[in-house]
Amino acid sequence: EGFLRYLVYRESKTTGEKMLNFVSYNMDEEFQLQEVIRALREKIDLQSINWLLQDSLSDHSHGQVIRTWGEPTIKERLLNCSFLIEPNTFFQVNPALAEKVFEEALAGIKPEDRVLDLFCGVGALSLPAARKAKVVYGIELDEDSARLARRNAELNEVKNTTFLAGDVRKRI
């Protein structure tokens, strides 16, 4: 109920960059929200502030990006790769633990291997795997995350990856 549905705070554990997402039900209180954001920008070092609209009755903390103040992304590092993170994209909440788990998953990859990363997100496992394997294919349901995975591959100069958007069951 009400105007504000969620307030999402994301902070990169490796770069210290911060993102704050306001998720509202409608745009009725635009003036008040902009006043709050103006005050926050004066007091807190935030690289990215986003206003998202989520007008469905579902319980989602993401939505259509209405406006961005500052940068549209923050950057996180994982296994010597940099990853851009947008307001609606998922990323590992504990990169230190994710690194340990991913190192185990990557341990058996050989240079001649072809790797399939299902539900690849923004490429957090795909890109480190691509540095060990011949080629990596990532499949992600969320189009924005698949697009960002391709962008992250470019950012990290990883050329042996292909990222596809779509339902894993249909893409395989």
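**View 1. The exposed side of helix 2.** In this predicted model, Lys100 and Glu104 are exposed on helix 2. Helix 2 covers residues 95-106. Its 12 residues should span 16 Å at 1.5 Å a residue. The end C-alpha atoms are 15 Å apart, which agrees with that expectation.

**View 2. The buried side of helix 2.** Four residues of this helix are buried: Pro95, Ala98, Phe102 and Leu106. Around the axis they cover an arc of only 65 degrees, so they lie on the same side of helix 2. What do the buried residues of helix 2 pack against? Their partners are strand 5 (74-78) and helix 3 (126-130).

**View 3. Cysteine 81 and cysteine 120.** How many disulfides does a search of the whole structure find? The count is 0. Cysteine 81 is in no disulfide, and the nearest cysteine sulfur to its own belongs to cysteine 120, 14 Å away. That distance is too far for a bond, because a disulfide needs the two sulfur atoms within 2.5 Å. Buried or exposed, where does cysteine 81 fall? Cysteine 81 is buried, with a relative accessible area of 0%. Cysteine 120 also counts as buried, at 6% relative accessibility.

**View 4. The largest pocket.** This pocket holds about 270 Å³ of space. Its lining is made up of 14 residues. Which of them lie nearest the centre? They are Arg10, Glu11, Phe91, Gln92 and Val93. Strand 1 (4-11) and strand 5 each supply at least two residues of the lining. Strand 1 gives the most, with 3 residues.

**View 5. The whole chain, for orientation.** The protein chain has 5 helices and 9 strands. From the N terminus on, the elements run β-β-α-β-β-β-β-α-β-α-β-α-β-α. The C-alpha trace spans about 55 × 35 × 25 Å along its principal axes. The chain has 172 residues, and 44% of them count as buried. Take the contacts between residues at least 6 apart in sequence: 55% of these join residues at least 24 apart.

How values were computed. Residues numbered from 1 in each chain as written. Predicted model: local features only at pLDDT ≥ 70, side-chain atom pairs only at ≥ 80, totals over all residues. Heavy atoms only, no water. Expected span 1.5 Å × (residues − 1). Buried < 20%, exposed > 50% of the residue type's maximum accessible area, 1.4 Å probe, protein only. Arc of directions from axis to C-beta. Contact = heavy atoms within 4.5 Å. 1 Å grid on protein atoms, 1.4 Å probe; cavity = no way out; pocket = protein on both sides within 12 Å on 5 of 7 lines; lining within 4 Å. Points joined across faces, edges and corners; volume = space filled by probe spheres on them.
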